[in-house]
Structure formats: structure tokens, C-alpha cells
Amino acid sequence: MNNPDVQPLTDTLHIPQPEEELPHPMEEFLRTERLPHIWCSTCGIGTVITAFITGLQKSGLEREKVAVVSGIGCSGRAAGYLRLDSFHSTHGRAIPFATGLALGNPELKLVVISGDGDIIAIGGNHFIHAARRNINLSIICINNFNYAMTGGQAGPTTPIEANASTAPYGCYEFPFNLPHLAESSGAVYVARWTSLHIRRLTNSISEALLKPGFSFIEVISPCPTLYARRNRLGTGLDLMRFYHDNAKIKHGTDTRKLDIEYQDEIIVGKFLDKDKPTFLEKRDDFLKSKLGDKFVPYMGPKA
Ligand SMILES: Cc1ncc(C[n+]2csc(CCOP(=O)(O)OP(=O)(O)O)c2C)c(N)n1
Ligand code: SF4
Ligand SMILES: [Mg+2]
């Protein structure tokens, strides 16, 4: 029997017609005019972008108050595809570039999205000093264990035994344990996920964005074209299966125990979340204690 108080479902539901073009749900945050992107099929970087956009939406931060900086590399292309105040800087210099923005406009939340080579090799010195100072930056380091863009060279996260174009018999250098490097340099928030852990990565990104100070998220990500091909590890999908079977969630693990051995267990989770004055808070408190009323803190460009 027809009830006049009940609206028919067809009146409330929008049923798309085949000829109708639906906007992508993330279109608002993507520079669609720059698509198609450069990344290979089943590369993990796109997943990180999805997690970042969702994490940003979840954080509730106003997009005008967020800026993203990348360096150079496949991962370093991230900023260029994001419809935010986003900057594609030079190799290894994303952190000092972002630091300048953070100090120039303390209202901004700065995010650096870049690769293991960019952030930890050529940019390694900037990384440790920004962490030491507790600059208000969130770092998302996409670790694919090699310099992908330039042909698969070994870098500071390549595991011992892994083959690379500069390590044809396998890599024999000790790699960095990134969560431990971040914590021991002064970070206040440290997590590691893989690009399979999209929901957990999204939540971590959202938490890190809301955390004042230097936060660090490592994302282990497939590079099927170079790292996986050289090491005969299969496609991106095979690497995702590897993460599924070998990544173990162990929140709160002592970061000294987070080394990654070649094709072995990968411990993921949130390892550190603590409070400490940021660089600007510390500077202002310190100078106020020395100068008293003579000290006038810098409040940003609008002050
Ligand atoms: C000053 C300088 N040195 C070297 C290069 C060449 N270069 C471009 S990207 C890159 C490595 C990028 O590796 P990573 O950050 O891990 O990014 P991926 O491509 O693996 O995502 C290098 C060495 C450069 N562009 N500028
Ligand atoms: S070379 Fe590797 S990291 Fe670069 S886009 Fe292709 S799969 Fe991704
Ligand atoms: Mg890399």
C-alpha cells in the first residue's frame, strides 16, 4: 500500500546514468590537469597519496593552512599532483624549504612527502637537524629501498643482500633504521606502515598532522619496475602479498629493534607519540625568559 508520508527511494537516491561523468571523490585535492601521472602500474606511491588526502580530510585541518613540499624522485612527484599549496623543490631540500615556510608562517602545517633517497641520503643532514629542533613538520617518507627515478641505485635504506644497479652482487652497506633515526634525532611522533596498510596509514597521517612538532611516518612501498624486477620479487601485487604475510603490527616496539632485513619480517605500527615544545615554542619561551617584556614574538605575515 502506498504511504504518502514515505518518499519513494528513487526520489532520494541519485542513480548515475551511463553517459554521466561522475567526479572522482578526491578530485578536489588533485591537480587533475596534470594527469595522467608518471607512476608505473602497481607502484605504491599512489596509495600513499590516497592515504594522505583521506588523512588530511579526517584531520579536519583547513586546506589553506596546509602546505606540502617534495624533493626530487618518483616519490618527490607527490606534491605536484596535490591541489594544495604544494611545492616541488630540489633534491634533498624539501625539509629546509618546508622549514622556511613553517617559520615564516607559524599558522601553517607543513608536510614533506618524498623518497628514502631524497629525505635520508642527500637530505639526511636536514632531516636530523629538523628533528633535533622539533620543527613543526610532518614527514612522510616513501621507502622503496632504492633511488628509483634514476635507475634503481642502492641508497641508505637498501637492505644487505638486495640487488641494485650500483650493487650487482647485492648491497653490503648497513642500512638506516628510519624510525630509530627519527626518534634518536628528536622526533615526537614515529610510525611505520606499508602501502598495504592503507587504513592504518591514513589514521597515522591524520594523527601526525594534528601533532605539533616533528612527526615521521615511514611507508614501505613497492617499486615493481626497478627494485622488484632486479630482485625478481614479482609485481607490485606480489609485494603487497609479501607485506600481507610478513608485516607484523607491534605498536610501541623499541625503535632500536626495527631494522629491516632483506625479504624478512617488517615490524609496523606506531612506536612513539610524546609531547615536547616545538622549535618556535622553545625559542619564544627562552627569549622571553632572557628579554622579558622587550621580547616581541614573530606572529606570522598577517600580524
Ligand atoms: C643534486 C641532485 N643530485 C642527484 C639528482 C638525481 N636524482 C634525482 S631523483 C634521485 C633519487 C631519488 O630517490 P628517492 O628519493 O628514493 O625517490 P624514488 O625515485 O625512489 O621514489 C636522484 C639521485 C638530482 N636530481 N639532484
Ligand atoms: S620506477 Fe618504481 S617508484 Fe618509480 S614510479 Fe615506477 S614503480 Fe614507482
Ligand atoms: Mg626511493
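Two residues are in contact if their C-beta atoms, placed from the backbone, lie within 7 Å. This is a predicted model, in which local features need pLDDT of at least 70 and side-chain atom pairs count only at pLDDT 80 or more, while totals for chains, interfaces and linings use all residues. Residues are numbered from 1 along each chain as its sequence is written, and chains are lettered from A and ligands numbered from 1 in the order in which they are written.

We begin with a pair of helices, where helices (H or I, at least four residues) and strands (E, at least two) are DSSP runs numbered from the N terminus. In this pair, T47, T50, A51, F52, T54, G55, L56, K58 and S59 of α2 meet I198, L201, T202, I205, S206, L209 and L210 of α8. By class, the residues of this contact are 8 nonpolar, 7 polar and 1 charged, where Ala, Val, Leu, Ile, Met, Phe, Trp, Tyr, Cys and Pro count as nonpolar, Asp, Glu, Lys and Arg as charged, and the others, Gly among them, as polar.

Turning to the ligands, 19 residues surround ligand 1, and the closest are G73, G115, G117, D118 and A148; a residue is near a molecule if its C-beta atom, placed from the backbone, lies within 6 Å of it. Two or more residues of this shell come from each of β3 (109-115) and α5 (116-122), and α5 gives the largest share, 3 residues. The shell around ligand 1 holds 6 nonpolar, 11 polar and 2 charged residues.

Around ligand 2 stand W39, C40, C43, I45, C74, N144, A148, M149, C223, P224, T225 and L226. Helix α9 (residues 224-230) gives the most to this shell, with 3 residues, and the shell around ligand 2 divides into 10 nonpolar, 2 polar and no charged residues.

Some details of the backbone remain. L35 and P36 are joined by a cis peptide bond with omega about 5 degrees, and P36 has its place in the loop between α1 (9-12) and α2. N134, in the loop between α6 (124-133) and β4 (137-143), is a residue other than glycine with a positive phi, near 55 degrees. N134 is buried, because 22 other C-beta atoms lie within 10 Å, and a residue is buried if 20 or more do so, exposed if 12 or fewer, and partly exposed in between. F145, found in the loop between β4 and α7 (178-185), is a residue other than glycine whose phi is positive, near 65 degrees, and F145 counts as buried because of its 28 C-beta neighbours inside 10 Å.
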